[in-house]
Amino acid sequence: MNTKPFLTIDKQIELLEQRGLLFQNKEAAKKDLLSYGYYEIINGYKDCFLANPLDSEDKFKAGITFEHIFQLFTLG
């Protein structure tokens with residue numbers, strides 16, 4: 001079974017930034033990630049925001065913010 005290591009909220013944000021995701025308000029994003037979880041927000045709604053959905057590196061399109069993904073999450 002392939003298990004991924006636990007990442008703190010700060011490390012989750014760092015990983016998303018490395019993948020090109022922008023944040024308008026990191027403190028609000030931290031609260032959202034704590035409340036709902038990375039998997040629910042990011043993995044559930046990231047596909048339409050990825051530069052190449054078939055690429056396993058999950059690089060985001062230029063200009064995409066966490067808030068874009070979170071807005072879609074709240075509509076779902």
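## A buried lysine

K46 is buried in this predicted model, with a relative accessible area of 12% (buried means under 20%, exposed over 50% and partly exposed in between, using a 1.4 Å probe and protein chains only). K46 sits in the loop between α3 (38–45) and α4; helices here are DSSP runs of H or I with at least four residues, strands are E runs of at least two, and numbering goes from the N terminus. Leaving aside residues up to four places away in sequence, K46 touches D58 and F60, where a contact means heavy atoms within 4.5 Å.

Now for the aromatics. Searching the whole structure turns up six aromatic pairs. F66 and F70 make a stacked pair, because their ring centres are 6.0 Å apart and their planes sit at 15°. As for the cut-offs, rings of Phe, Tyr and Trp (its six-membered ring) pair if their centres lie within 6.5 Å, and planes under 30 degrees apart are stacked, over 60 edge-to-face, and the rest tilted. F66 and F70 are four residues apart in helix α4 (residues 66–75), so about one helical turn separates them. F66 is buried at a relative accessible area of 1%, and F70 is buried too, at 16%.

F70 also pairs with F73, this time in a tilted arrangement: 5.6 Å from centre to centre, with 35° between the planes. Both residues belong to helix α4, three residues apart, again about one turn of the helix. Like F70, F73 is buried. Stepping back, ring pairs join F23, Y36, Y45, F66, F70 and F73 into a cluster.

## Where α2 meets α4

Helix α2 (residues 26–36) and α4 have axes that come within 11 Å and cross at roughly 40°. Those axes are lines fitted to C-alpha atoms, for helices over the stretch in contact, with angles running from 0 to 180 degrees between N-to-C directions. The α2 and α4 crossing is left-handed, that is, the near helix is turned anticlockwise from the far one by less than a right angle (clockwise would be right-handed).

On the α2 side, A29, D32, L33 and Y36 meet F66, F70 and F73 of α4. Sorted by type, the residues of this contact are six nonpolar, no polar and one charged; Ala, Val, Leu, Ile, Met, Phe, Trp, Tyr, Cys and Pro count as nonpolar, Asp, Glu, Lys and Arg as charged, and the others, Gly among them, as polar.

## About the model

Residues are numbered from 1 along each chain as its sequence is written, and side-chain values use heavy atoms, leaving out hydrogens and water. Since the model is predicted, local features need pLDDT of at least 70 and side-chain atom pairs count only at pLDDT 80 or more, while totals for chains, interfaces and linings use all residues.
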